[in-house]
Amino acid sequence: MLMPQRQTSALHAHDRGPSTFGESLTPPLYLTSSFRFEQYEEGSQVARGEHPGYVYTRSGNPTTDATSRVVSVWEGAASSLVLASGMAAISAALLSLVRPGDEVLMSPVQYGGTYAVRHGLGDAYGLTFTFVDMTNIDEIKSHISSKTRAIIVETIANPGMVVPPLDTIGSLCQERGIALIVDNTFATGYLYRPLGDGATLVVNSATKYMNGHGDTLAGTVSGTIEALAPVKALVSQMGSIASPFASYMLWRGLATLPLRMDAHSRHGLAVAEGLADMASYGRVIYPGLANHPQHRWVRDHFHGGQAGGMMAIELAPDVSPDDFMDGLELFSRAVSLGDTTSLVEQPSTLTHRSLTADESRIAGIHPGLIRLSIGLEDPDDLLVDLGQALKRARHAQ
Ligand SMILES: Cc1ncc(COP(=O)(O)O)c(C=O)c1O
């Protein structure tokens, strides 16, 4: 019996559809809302779970399922769901675990949309959110109470590039009976698998590296079959499943996930090293550099010690952030990340603009903090572009 590597399993994880016309090499794209039954009784048997098949795409579709099997290979999960966006995944994962009155611990450094959940979903469902430094286990322990139901944390936190010790947090959660939700967007299951370190559910904005081409919105939730069952029920009620077309696009992106993540990581390291040599313009924050506070953890726990393609620059006070971003020629001024081409954004005015002044201060977000998503261009070209824009931005003062 063959025991293939993950990339081999991922490439072969889909069904090939009915063989009336010969089996399809790629997963067939079932662009249909409903499924037709030859005999009505067959449909009700499928609906009752007594017969395999599909009834209605909001509850399940073969293309979406084909993609979810590939996601499970990468996350090392028994089961996965492909949803309409990363935020759909985060909301469904959280709501599947909490009840009114519960407390949730979250990091002050995280994606702005997840931050916003504390007021939106939090107020609507009577949840209390407490901010905790996830790199400090004693601080996490000191905030756990009888009401603490879940911890939500990012593998590499957006935008400060903080990497919490997820193995230690996972053990703590298992000891205390607390659910751990990990947002694995910056790393993906290729670089790191949180489920192996005690996470209850792993979510991804698949809009980013998993799809990898900047042309699809999608999200994923992965875990055990038992952990996924309430998520699946909620997704059907909220109607937040991914469309078959988005699922297909994600499947296509995932076929090259390891190749792209290796390249993003290689280019990320080369750019970060180059920026470190231009230190008079600012400080680069990248977990692949030896001076990053959690570098050793990344080196020991991430696949090949690779750190991906995301980084932040804290510009020197005499470098104008606007002139720097406007002076870039190869980087696109745009939100999102993990695309084939390089992107630049200022969290304080875009992705994290909803944070209060106090929250921004704690999260280390200020106008001089600029987030870079390093694409698949030649890193030497990117460094020339960054160098000329930094130089002009200082002279523009
Ligand atoms: C770390 C992280 N999680 C979740 C999201 C939300 O994903 P989506 O935009 O697909 O809803 C983002 C979006 O930027 C993100 O950066």
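Where is Pro 159 found? Pro 159 sits in the loop between strand E4, residues 148–154, and helix H8, residues 166–176. I start there since that loop has two backbone details to look at. Please keep in mind that this is a predicted model.

The peptide bond joining Asn 158 and Pro 159 is cis, with omega at about 5°. Met 161 is found in the loop between E4 and H8 as well. Its phi is near 60°, a positive value in a residue other than glycine. For background, most residues other than glycine have a negative phi, and most peptide bonds are trans.

Now the overall layout. The protein has 16 helices and 12 strands. Along its principal axes, the C-alpha trace spans about 75 × 55 × 40 Å. The radius of gyration is 22 Å, which agrees with the value near 21 Å that a compact globule of 397 residues would have.

There are two domains. Domain 1 takes residues 6–30 plus 61–254, and domain 2 takes residues 257–395. Their centres, taken over C-alpha atoms, are 24 Å apart.

What does the contact between the domains involve? On one side, 30 residues of domain 1 are in contact, and on the other, 36 residues of domain 2. On the domain 1 side, the elements giving two or more residues are helix H5, 112–116, and helix H9, 188–191. By class, that side of domain 1 has 19 nonpolar, 9 polar and 2 charged residues.

Next, a helix pair: H12, residues 257–276, and H16, residues 379–395. Two packed helices are described by the angle between their axes and the distance between the axes. For H12 and H16 the angle is about 35° and the axes are 9 Å apart. The crossing of H12 past H16 is right-handed.

Which residues meet there? H12 brings His 267, Ala 270, Val 271, Gly 274 and Leu 275, while H16 brings Pro 379, Leu 382, Leu 383 and Leu 386. The contact divides into 7 nonpolar residues, 2 polar and no charged.

Last, the ligand. Which residues come nearest to the ligand? Of the 14 residues around the ligand, the nearest are Ser 85, Gly 86, Met 87, Ser 205 and Thr 207. The shell holds 3 nonpolar, 9 polar and 2 charged residues.

To put those two side by side: the H12–H16 contact has no charged residues, whereas the ligand shell has 2. That is the end of my part.

Terms used:
Residues are numbered from 1 along each chain as its sequence is written. This is a predicted model: local features need pLDDT of at least 70, side-chain atom pairs count only at pLDDT 80 or more; totals for chains, interfaces and linings use all residues. Domain bounds come from an automatic or database domain assignment. Two residues are in contact if their C-beta atoms, placed from the backbone, lie within 7 Å. Helices (H or I, at least four residues) and strands (E, at least two) are DSSP runs, numbered from the N terminus. Ala, Val, Leu, Ile, Met, Phe, Trp, Tyr, Cys and Pro count as nonpolar, Asp, Glu, Lys and Arg as charged, and the others, Gly among them, as polar. A residue is near a molecule or strand if its C-beta atom, placed from the backbone, lies within 6 Å of it. Axes are lines fitted to C-alpha atoms, for helices over the stretch in contact, and angles run from 0 to 180 degrees between N-to-C directions. A crossing is left-handed if the near helix is turned anticlockwise from the far one by less than a right angle, and right-handed if clockwise. The radius of gyration is taken over C-alpha atoms; the globule rule is 2.2 Å times the number of residues to the power 0.38.
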